[in-house]
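Take a moment with the model before reading on.

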Amino acid sequence: MYRTIVSSGQAFGARHWMATLQLQCERLVFFMATNVPTKDSTGVATLAGRKSILKLAQRMTWSFCRAIGASSYHTWNKVSSKTGEDIRVSSRKNLNDPGEPLGVILCAVSSVWLPASPQVLFDFLRDEVRRNEWDIMSNGGPVQSIANLAKGQDRGNAVTIQTVKSKENGMWILQDNCTNFYESMVVYAPVDITGMQSVITGCDASNIACCLPGSQFFQMELSQGLL
C-alpha cells in the first residue's frame, strides 16, 4: 500500500522533513506566545492553562507515535480478521510512568484506502458535530467543543477539548490535530474530567494519563488519499 509514496521519495524526502520541522516550529511559537488572539484560544482563560493543555496534547501525540513505532524490542504481530483486513497488534508494559495507565498497554493498527479527498476526510474527523458518526466512545450522543487552541498558521493545527453529553455520565476527550501538505494526523484520548479542569487553570499536567483503557488512537496518512 505504501510502495508508491515511498518509491516517489515523498515519504522520506527533504521537503517532507522541512514541512514536519515547520509544523514543530509553529507549535513552539504558539506555545511561547503571550499575545495570542482570542479567536486562536477559546475556552481557556489564562496563558498558564493554554501552555499546560498544549504540553499535555504534545505528550499524548508523542506517546502515540512511540507506541506505533517498530523496533527489535517492539514488534507487531499480524492477526486474522473475519473481513480479511490487515490488522497488527503489539503490547508493552508500563510499570511506573504516571502519564499512562499502569499495566499492559495494547495497540492495534490497520490501514485502508478511502474514496475521499485528504482535506475532506481530515475536516470530517476533527469536526466534533459529526464525531458521533464514527467514534464509538460517543455512543451516538452529541459532542461539543469546550476549548480550541490553535498551534499553527493552518487552523487545522489545533488542540481541542470536547465533551460527550450522555444521560449516564459525561466524558471529556483531548484531541490533537496536525496537518501539512504531506499528511495529517488526529490523535485523541478520553481524559479525567477533574484532572483536566485543573490543567485548564494552569496546573501541572505530568500526572494526567492520556491513554485510558479502551481509548483509541489512530493516525491518518492523507497523502494521495491514504488513511
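The axes are lines fitted to C-alpha atoms, for helices over the stretch in contact, and the angles run from 0 to 180 degrees between N-to-C directions. Helices (H or I, at least four residues) and strands (E, at least two) are DSSP runs numbered from the N terminus.

This is a predicted model, in which local features need pLDDT of at least 70 and side-chain atom pairs count only at pLDDT 80 or more, while totals for chains, interfaces and linings use all residues. Residues are numbered from 1 along each chain as its sequence is written, and side-chain values use heavy atoms, with hydrogens and water left out.

Start with H2 and helix H3 (residues 47–68). Their axes lie 9 Å apart, and the helices pack at an angle of about 155°. H2 and H3 are therefore roughly antiparallel to each other. Contact here means heavy atoms within 4.5 Å. On the H2 side it is made by Gln 24, Arg 27, Phe 30, Phe 31 and Met 32; on the H3 side, by Arg 50, Lys 51, Leu 54, Lys 55 and Gln 58.

Now the charged pairs. Side chains of opposite charge can pair when their charged atoms come close. A salt bridge is counted when a side-chain nitrogen of Lys or Arg is within 4 Å of a carboxyl oxygen of Asp or Glu. The count comes to seven salt bridges.

One of them joins Asp 176 and Arg 27, at 2.9 Å from N to O. Asp 176 sits in strand S7 (residues 171–179) and Arg 27 in helix H2 (residues 14–32), so the pair ties together parts 149 residues apart in sequence. Buried means under 20% relative accessible area, exposed over 50%, and partly exposed in between (1.4 Å probe, protein chains only). Asp 176 is buried at 0%. Arg 27 is buried too, at 9%.

Asp 40 pairs with Arg 155, their closest N and O atoms being 3.1 Å apart. Asp 40 is buried at 4%, whereas Arg 155 is partly exposed at 41%.

Arg 131 and Asp 135 form another salt bridge, at 2.8 Å from N to O. Both residues are buried.

Finish at Tyr 188, in strand S8 (residues 184–191). Tyr 188 is buried, with a relative accessible area of 0%. Its C-alpha atom is separated by 8.6 Å from that of Ala 57, 131 residues apart along the chain.

Definitions and conventions: Angles under 35 degrees count as roughly parallel, over 145 as roughly antiparallel, 65 to 115 as roughly perpendicular and the rest as oblique.
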